[in-house]
Structure formats: C-alpha cells, structure tokens
Amino acid sequence: MTRTYVITGAASGIGAATAELLRAQGHTVIGVDLADVEVSGDLSTAEGRATAAEDVISLAGGSIDAVIACAGISAPIAKTVAINFFGVTEFLTALLPKLSLADQPRAAVVSSMASLHPVSAELVDAALAGDESLALTIGDRLAATPETGYLNYSSSKRALSRWVRRESVSAAWAGAGIPLNAVAPGTVTTPMTSGLLASPEGLAQVDAAVPMPLNYHQPASSIAELLVWLTSPVNTHMAGQTIYCDGGADAVLRGDDIWSWNDAPRG
C-alpha cells in the first residue's frame with residue numbers, strides 16, 4: 001500500500017535519507033525545506049510555517065498519511081528554538097486536520113539525545129507555553145555568551161520531547177488514532193555535524209557529551225529506518241515516546257535505573 005508522507009528538512013541529512021528510503025519503497029514524498037524540494041518554506045517564522053502547511057495541503061490533494069518533522073539546526077542562537085520547537089509543533093498542528101482524515105495517520109519528529117543535557121528551564125517553559133516571542137528573547141540572552149548559547153539547542157529538544165509526550169495522549173492525537181512519537185539520535189554524520197567532527201578538539205568534545213559505545217557515530221539511515229517504522233501502519237500503540245537511537249548514550253548518561261522516581265521512599 002502506497003502512502004503520502006510529508007517530510008520537513010528533506011533536502012539534507014536525516015530528512016533526505018528518510019525521503020530516499022520512502023521513495024524507494026514506492027511511497028509519495030512531499031519534501032519541505034528552504035530549497036530543492038517539493039515545497040520551499042522557512043519554518044523559522046510563523047508566517048513561513050503557515051504558508052508551507054498551506055502549500056503542502058494544496059499539493060497533497062487527497063490525504064496526508066504521515067508527517068515526519070526532521071528540520072532543525074544546532075547553532076547556539078535563538079533561531080534554533082524557532083526552528084526546532086515552533087517549526088515542528090506549529091507545522092504539525094497546522095497539518096493535523098488534514099492528517100486526521102487518513103485511514104492510518106502517523107506522525108514522528110526528530111528530537112535529540114541532547115534533550116538529556118542541561119537546559120534553560122525558563123526557555124523550556126516559554127516554549128511549552130507557546131510563547132515564541134518570550135522564547136526568542138530568552139534565547140537571544142543565552143546566545144550572548146558561549147557558555148550558555150548551547151542551551152538554545154538542548155532546551156529546544158527537551159521542550160520538543162515534552163510536547164510530544166503531552167500531546168500524544170490528547171484527544172487531538174490519540175483520540176484521532178494518530179501515534180505521535182519522537183526519535184532522539186546520538187551523533188549522526190551529516191553536513192550539520194561535519195565541521196565539528198573534523199577537528200580533534202571538536203571530536204573529543206562531542207564524544208564526551210555523547211558517549212556511543214555501540215557502533216560509534218551513526219549514519220542518517222539508522223534514524224530514517226526508525227522514523228519509517230514509527231509512521232507505518234504497523235505501529236499501532238506506541239505513543240509519546242522519545243526513542244533514544246543513540247549508540248547507548250542514554251544508557252551511559254542515565255544509568256540502569258530511570259524508574260525509581262516513582263518508588264516509595266526507603267525506610
């Protein structure tokens with residue numbers, strides 16, 4: 001059965017790998033990116049997101065079976081929050097009425113294992129409150145110093161994973177029979193990371209923050225395969241999960257017990 005997929009960030013990296021895999025399987029892909037795709041759009045602004053969503057709906061014609069949001073940047077600037085959080089959540093929300101008309105609708109987004117890194121709680125709260133103006137103001141303040149600039153990235157991904165967890169069980173998503181999940185990659189070898197990984201200093205910094213004992217740095221295809229499964233009809237009950245496909249980085253950083261938060265105090 002062929003399906004129609006909408007993929008943001010489809011011109012490069014994980015988005016391009018996912019689009020290539022789906023097309024090879026015979027599916028229709030509507031790519032969204034700045035250029036070299038079916039729909040050109042700037043997801044860093046509210047107007048750009050709305051226009052891109054309208055263009056996608058017009059191009060899709062009948063129905064949209066799945067949306068996969070891969071677009072994102074890792075720069076230590078406020079624009080990272082605009083793209084990584086609002087560019088995902090507002091775009092998905094705009095497509096939700098069309099997506100819900102499909103027989104087996106699905107949605108997935110790309111978060112990051114950086115969601116486990118330190119964040120700005122103030123920025124995460126602003127994002128989850130839907131206050132983009134405040135979020136960008138906080139992001140600009142963080143970007144003013146190298147020590148805090150990275151928090152724009154980790155906070156955008158933490159907020160995104162929390163948004164997925166919250167919205168996935170709502171009437172709009174679960175109530176409409178739409179599994180909504182996130183994938184959190186480790187260090188993926190894409191154009192976005194090539195510069196950082198090119199120097200010994202950058203490589204050491206990355207590996208210290210993202211320890212990957214299983215097979216080390218990963219190709220974009222490793223994430224594409226998982227995104228395709230999550231948005232296929234075979235995924236009927238997984239909802240709200242951020243799946244850490246990260247070479248074991250999550251297990252290294254958080255250890256073997258992530259359940260004790262709900263245990264009774266030991267006497």
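Me: Which residues of β5 are buried on one side, and which on the other?
Reply: In this predicted model, Arg 106, Ala 108 and Val 110 are buried on one side of β5, and Ala 107 and Val 109 are buried on the other.

Me: How many residues of β5 are buried?
Reply: Five of its five residues are buried, and β5 is mostly covered.

Me: What strand order does the sheet have, and what is the pairing?
Reply: The sheet is open and has seven strands, in the order β3-β2-β1-β4-β5-β6-β7. The pairing is parallel.

Me: Which are the edge strands?
Reply: They are β3, residues 39-40, and β7, residues 242-245. Each of these pairs on one side only.

Me: How many bridges join β4 and β5?
Reply: Four bridges join β4, residues 66-69, to β5, residues 106-110, in the parallel sense. Within that pairing, Ala 69 stands opposite Val 109, and Ile 68 has Ala 108 as its bridge partner.

Me: What about β1 and β4, how many bridges there?
Reply: β1 and β4 also pair in the parallel sense, over four bridges. Ile 7 stands opposite Ile 68 of β4.

Me: Moving on to the helices, which strands does α3 touch?
Reply: Helix α3, residues 79-99, packs on the sheet and touches β1, β2, β4, β5 and β6. The direction of α3 makes about 175° with that of β4.

Me: And which helix does α3 pack with, at what angle?
Reply: α3 packs with α5, residues 132-143, at an angle of about 160°, and their axes are 10 Å apart. The two helices are therefore roughly antiparallel to each other. Their crossing is right-handed.

Me: Which residues make the contact?
Reply: From α3 they are Val 81, Ala 82, Phe 86 and Glu 90, and from α5 they are Glu 132, Ala 135 and Leu 136. By class, the contact of α3 with α5 has five nonpolar residues, two charged ones and no polar ones.

Me: How do α4 and α7 cross?
Reply: The axes of α4, residues 121-128, and α7, residues 151-168, come within 9 Å and cross at roughly 45°. These helices are therefore oblique to each other. α4 passes α7 in a right-handed crossing.

Me: Which residues of α4 and α7 make the contact?
Reply: On α4 the contact uses Leu 123, Val 124, Asp 125, Ala 127 and Leu 128. On α7 it uses Leu 151, Asn 152, Ser 155, Arg 158, Ala 159, Arg 162, Trp 163 and Arg 166. The residues of the contact of α4 with α7 divide into seven nonpolar, two polar and four charged.

Me: One last topic, Met 1. Is Met 1 buried or exposed?
Reply: Met 1 is exposed, with a relative accessible area of 73%. Its place is in the segment before β1.

Me: What does Met 1 touch?
Reply: Not counting residues up to four places away in sequence, Met 1 touches His 27, Gln 104 and Pro 233.

Me: And what separates the C-alpha atoms of Met 1 and Ser 74?
Reply: They are separated by 36 Å, and the two residues lie 73 residues apart along the chain.

How values were computed
Residues are numbered from 1 along each chain as its sequence is written. This is a predicted model: local features need pLDDT of at least 70, side-chain atom pairs count only at pLDDT 80 or more; totals for chains, interfaces and linings use all residues. Side-chain values use heavy atoms; hydrogens and water are left out. Two strands pair if DSSP finds at least two bridges between them. Contact means heavy atoms within 4.5 Å. Axes are lines fitted to C-alpha atoms, for helices over the stretch in contact, and angles run from 0 to 180 degrees between N-to-C directions. Buried means under 20% relative accessible area, exposed over 50%, partly exposed in between (1.4 Å probe, protein chains only). Angles under 35 degrees count as roughly parallel, over 145 as roughly antiparallel, 65 to 115 as roughly perpendicular and the rest as oblique. A crossing is left-handed if the near helix is turned anticlockwise from the far one by less than a right angle, and right-handed if clockwise. Ala, Val, Leu, Ile, Met, Phe, Trp, Tyr, Cys and Pro count as nonpolar, Asp, Glu, Lys and Arg as charged, and the others, Gly among them, as polar.
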